[in-house]
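Work through the exercises below with the sequence and the structure open. Try each task before reading its solution.

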Amino acid sequence: FVRYLKYLSALLIIALMLFQVTAAAYEGNGGSTSYTYDENGNDVSIPDAYTFKKSVDITDSEGVRASDPHGLVVSEETGKTYVVDTGNNRILVFSDDFSYEKALSEFKNGGETLQLNQPEGMFVYKNGDLLIADTQNNRIIKCNADGNVKQVIERPENMTGVSDSEVFLPVKLAVDSIGRIYVVARNINRGIIQLDSQGKFMGYIGSPQVQYDIMTIILRRFYTEAQQAKSEQFVPTEYNNICMDGEDFLWATISSLDAEDIENTIKSKDKSGSVTPVKKLNTMGTDVLKRNGFYAPMGDLEFDEEPSRIIGVSTSDNGVYSMLDQQNGHVFTYDDNGNLLFVFGKLGNEKSSFQTPADIRYKGDQILVLDSGLGKIFVFSPSSYGELVLEAVASQYNGDYEEAYGLWSQLASQNTNFKYAFVGLGNAMLEQGEYDAALKYFKYAEDTERYSDTVEIIRKQNVQKYFPAIMVTVIVIAVVILLYHIIRRFVRYYKGS
């Protein structure tokens, strides 16, 4: 009975959607500026998934505002927010409720006092220690919460692929659970620098793959050493930001991508990751990001001249992550399979609009965006619609397909434009073995890939189900025929005798 009830509900929901499908955009979303993209790459309006809560002025106790802040970090253990105040050469610390706590501008290193010079990034350890990218001083400083220095890491020795005259300019930092340090350094395009906990060079990870045409490959065989070195300077990708998630995956963003390459990737629906603004790197440096949505995570799919310029990524629970676009001030949020859930945010003069977005972080289920031009932190909280989306994603991520089905059903009935809700319904039915219902949802969502996969599953199951009976029938028929011929021979033999 339950099976037929689910099948009937699938038909009813799809019938309702078909009845409403003439509406080109979601009605009654209260002037929402949020959107997503459908299976054809068209942007469609959806209810606001996140709403502006407040903006926090990044100022100290004397009212001195942060100048060109570059980095934003949130401690999961304490809820404190740290801002890298680049222009004022300091680290600002705010409590869980965003009230000002202190500024770190001088760091005691024995009898010596160290000062920062245009720092651009930092990392906070679980015990409260800080790791600071002291960019223009060409070093990394590790200190405790009071600014007492524990370690100074200057340019690592034996760095391969970098000339001795190359200046060490660390800009972004991350640390894994065993203390390995990952560094994005300006003008280093061989990948992300990996150091051990003592600051010794271990190598590069996530090295970008350089694509050469046949003629270039042939010509490179005749290059001098100087020409070889010069050609290697034109690697098209350089990382600009990193963050470490709770499972030791290193997330990295790239903004130095060619607009034509991005456009071709979008048009061809290429999901290989050969051209991508975001990577999820395992400990071996392999990109394991899933790109199973209608399109690979690329930011905006439609643009006139300049594509999205992704300058930061942050991860939340249940595989959800958000990317920050500096070009248009958009925040793109995806699930663990690379399905675009929603887009919000913009540049402008309104109180909820950005001027120069610089970094992004999750604080619980809130999304924080650092604006370096305004010297503010923008705080966004999920709406009731956004909470419903995140709950549905969480249920599916955790394998609770019964609950996921109910949540996706609510979303599908609320918003016909959110085609991924129907993909979610299809996935829920698929996991519960309701293949016919799953096919109907995937068909409505025009998800040809999942539809084909489901058809293949049905075909294989049918083969497994009926193959034994078919084989038994074939064997019985073959035995009967064989016996018939044997008996017939015996009959002829005896008649002949």
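The model is predicted, so local features need pLDDT of at least 70 and side-chain atom pairs pLDDT 80 or more, while totals for chains, interfaces and linings use all residues. Residues are numbered from 1 along each chain as its sequence is written, and side-chain values use heavy atoms, without hydrogens and water.

**Exercise 1.** Check the length of helix H7 (residues 419–431).

Step 1. Helices are DSSP runs of H or I with at least four residues, numbered from the N terminus.
Step 2. The expected span is 1.5 Å times one less than the number of residues.

**Exercise 2.** Decide how the rings of Tyr 35 and Tyr 37 are arranged.

Step 1. Rings of Phe, Tyr and Trp (its six-membered ring) pair if their centres lie within 6.5 Å; planes under 30 degrees apart are stacked, over 60 edge-to-face, the rest tilted.
Step 2. The whole structure holds 13 aromatic pairs.
Step 3. In the pair Tyr 35 and Tyr 37, the centres are 5.7 Å apart and the planes at 85°, so the pair is edge-to-face.

**Exercise 3.** Find where the charged end of Lys 280 sits.

Step 1. A charge sits over a ring if NZ of Lys or CZ of Arg is within 6 Å of the ring centre and within 35 degrees of the ring normal.
Step 2. The charged end of Lys 280 is over the ring of Phe 249, 4.5 Å from its centre.
Step 3. Likewise, Lys 142 lies over the face of Tyr 125, 4.5 Å from the ring centre.

Note on methods
Helix = DSSP H or I, 4+ residues; strand = E, 2+ residues; numbered from the N terminus.
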